[in-house]
Amino acid sequence: MEQRTGNKKKQFFGQVKLYEHRIASLQRHLEAIEHRKTQVKAIDYSKEQVKGGNMSSWEALIDKTDKYKQDIIETSLKLIELRTEILEIINKVEDQRYALLLTLRYVECLEWSEIEKIFDRTRNTIDQWHTNALAAVWIPNL
């Protein structure tokens, strides 16, 4: 039972990384569309026939970039809210080593090797602290 609860806590905290990856993905798509905008050729209106929307037109690309920008903003706001919620939960952990470890891993999304260097401890020690830190955390509605 305790291990399942620990996994649920890791999944809850791990949402930060998912949001960061989603934002990065949206930014890559936005950059690709921005690049496509530079490839749009000028329109010779004397030869242009109105046949309906062109998905590669300048206007369509502007609409797409605006949509991606809005998605990035909305996802970033959700990420800020989630980080704030996670920090409030972590701040209730009494052992400051555990609080720092959780912050480094789940707020800053550092890799385990980086955390080992910060604490100057072995991976086994860090794993034990992580287990204890998760046990010390209480997440509402979990």
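Trainee: Where is Cys109 placed?
Mentor: Cys109 sits in the loop between α3 and α4. Helices here are DSSP runs of H or I with at least four residues, and strands are E runs of at least two, numbered from the N terminus. Please keep in mind that this is a predicted model, in which local features need pLDDT of at least 70, side-chain atom pairs count only at pLDDT 80 or more, and totals for chains, interfaces and linings use all residues. Residues are numbered from 1 along each chain as its sequence is written, and side-chain values use heavy atoms, with hydrogens and water left out.

Trainee: What is the phi of Cys109?
Mentor: Cys109 has a positive phi of about 60°, although it is not a glycine.

Trainee: Is Cys109 buried or exposed?
Mentor: Cys109 is buried, because its relative accessible area is 13%. Buried means under 20% relative accessible area, exposed means over 50%, and partly exposed lies in between (1.4 Å probe, protein chains only).

Trainee: And what about the phi of Asp120?
Mentor: Asp120, a residue other than glycine, also has a positive phi, near 55°. Asp120 is in the loop between α4 and α5, and it counts as exposed because its relative accessibility is 62%.

Trainee: Changing topic: which residues touch the most other members of the largest nonpolar core?
Mentor: They are Phe13, Ile86, Leu102 and Ile115, in a core of 31 residues. Such a core is a set of buried Ala, Val, Leu, Ile, Met, Phe, Trp, Tyr and Cys residues joined through side-chain atoms within 4.5 Å.

Trainee: Which elements give two or more residues to this core?
Mentor: These are α1 (2-38), α2, α3 (96-107), α4 (112-119) and α5 (123-136). The most comes from α3, with seven residues.

Trainee: What does Phe13 touch?
Mentor: Leaving out residues up to four places away in sequence, Phe13 touches Ile86, Ile89, Ile90, Leu102, Tyr106, Leu134, Val137 and Ile139. Contact means heavy atoms within 4.5 Å.

Trainee: Now to helix α2: where is Ala60, and is it buried or exposed?
Mentor: Ala60 lies in helix α2 and is buried, with a relative accessible area of 13%. The C-alpha atoms of Ala60 and Lys37 are separated by 9.6 Å, and these two residues are 23 residues apart along the chain.

Trainee: What about Ile80, buried or exposed?
Mentor: Ile80 is in helix α2 (residues 58-90), and it is exposed because its relative accessible area is 51%.
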